[in-house]
Amino acid sequence: MGDLAGAMVRLRPATRDDIAALARIRAAPEVYQRWGGDDDLTATVAEGLADPDTRVLVILYEDRIVGAIQWSEEADPDYRHAGIDIYLSPEVHGLGLGADAVRTVARHLIDDLGHHRLVIDPAADNHAAIRCYAKVGFRPVGVMRRYERGPDGTWHDGLLMDLLAGELT
């Protein structure tokens, strides 16, 4: 897979050379609160890149790494769909880069890989992320109670959102 161009961001496959930059972003309190990770975030990011079931792309803005976006696919033909996850450096929050990156990956998954349905599952209290995904066309499906364990060890709710191919904005 090559690079993907959004309106403001460029996405390219993450490499081992990107691990340090991504670990620094993951260590930001605002990101760590949502993504967590082991004590060694460098190892956590490296493990994510090595996962054969997940494709990780770095998000480039003004030629610098500002985050990562990843997707995975359910290949069973009766349940085929793809899921997306994203994190951005807090220094670029609020610029529309998240929506641009999600839209760019969604377009790739729909147009190039033939997916008819995409899912994303932010924490139910992550209102900024939910607004971002809604801008792209994702709709709330329902709350998944005590869905995810946070870095502090407590369980919190997640919001399942989905997007059908014709709903991408």
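**Sheet architecture and core packing in the predicted model**

An open sheet of 8 strands, with mixed pairing, is arranged in the order β1-β2-β3-β4-β5-β6-β8-β7. The edge positions are held by β1 (4-5) and β7 (139-149), each of which has a single partner strand, so one side of each is left without a neighbour in the sheet. Helices (H or I, at least four residues) and strands (E, at least two) are DSSP runs, numbered from the N terminus, and two strands pair if DSSP finds at least two bridges between them. The model is predicted: local features need pLDDT of at least 70, side-chain atom pairs count only at pLDDT 80 or more, and totals for chains, interfaces and linings use all residues. Residues are numbered from 1 along each chain as its sequence is written, and side-chain values use heavy atoms, with hydrogens and water left out.

A hairpin connects β1 to β2 through 4 residues, and alanine 5 has arginine 10 of β2 as its bridge partner. The pairing of β2 with β3 is also antiparallel, with 4 bridges; here arginine 12 stands opposite valine 58 of β3.

Contact denotes heavy atoms within 4.5 Å. Helix α5 (residues 127-136) lies across β5, β6 and β8, and runs at about 10 degrees to β8.

The largest nonpolar core has 33 residues, of which Leu11, Ile59, Ile69, Ile84, Leu118, Tyr133 and Phe138 touch the most other members. At least two residues of this core are supplied by each of β3, β4, β5, α4, β6, α5 and β8, and the largest share, 8 residues, comes from α4. A nonpolar core is a set of buried Ala, Val, Leu, Ile, Met, Phe, Trp, Tyr and Cys residues joined through side-chain atoms within 4.5 Å. Buried means under 20% relative accessible area, exposed over 50%, and partly exposed in between (1.4 Å probe, protein chains only). Not counting residues up to four places away in sequence, phenylalanine 138 touches Ile84, Val102, Leu118, Val119, Ile120, Tyr133, Met161, Asp162 and Leu163. Apart from this core lies another, of 15 residues, among them Ile19, Ala23, Ile25 and Leu41.

Within helix α3 (residues 41-50), the buried residues are Leu41, Thr44, Val45 and Ala46. Their cover includes α1 (19-27), α2 and β5. The N-terminal end of α3 is capped by aspartate 40, a side-chain oxygen of which lies 3.1 Å from the backbone nitrogen of threonine 42.

Tryptophan 35 is found in helix α2 (residues 29-35) and is partly exposed, at a relative accessible area of 26%. Excluding residues up to four places away in sequence, tryptophan 35 touches Arg26, Gln70, Asp85, Ile86 and Tyr87. Histidine 108, located in helix α4, is buried at 9% relative accessibility. The side chains of histidine 108 and aspartate 112 are joined by a polar contact of 2.8 Å; such a contact is a pair of N or O atoms within 3.5 Å, and within protein one must be able to donate a hydrogen and the other to accept it, while residues adjacent in sequence count only if both atoms are side-chain atoms. Beyond its neighbours within four places in sequence, histidine 108 is in contact with Met1, Leu4, Trp71 and Leu113.

The loop between β3 and β4 contains glutamate 62 and aspartate 63. Although not a glycine, glutamate 62 has a positive phi of about 50 degrees; aspartate 63, likewise not a glycine, has a positive phi of about 65 degrees. Glutamate 62 is exposed at 59% relative accessibility, and aspartate 63 is exposed with a relative accessible area of 70%.

An unreviewed UniProt entry places the feature "domain: N-acetyltransferase" at residues 9-166. UniProt positions are given in the numbering used here, feature names are shortened, and annotations may be inferred rather than shown by experiment. The span 9-166 is 33% helix and 35% strand, and its end C-alpha atoms lie 23 Å apart.

Key. Axes are lines fitted to C-alpha atoms, for helices over the stretch in contact, and angles run from 0 to 180 degrees between N-to-C directions.
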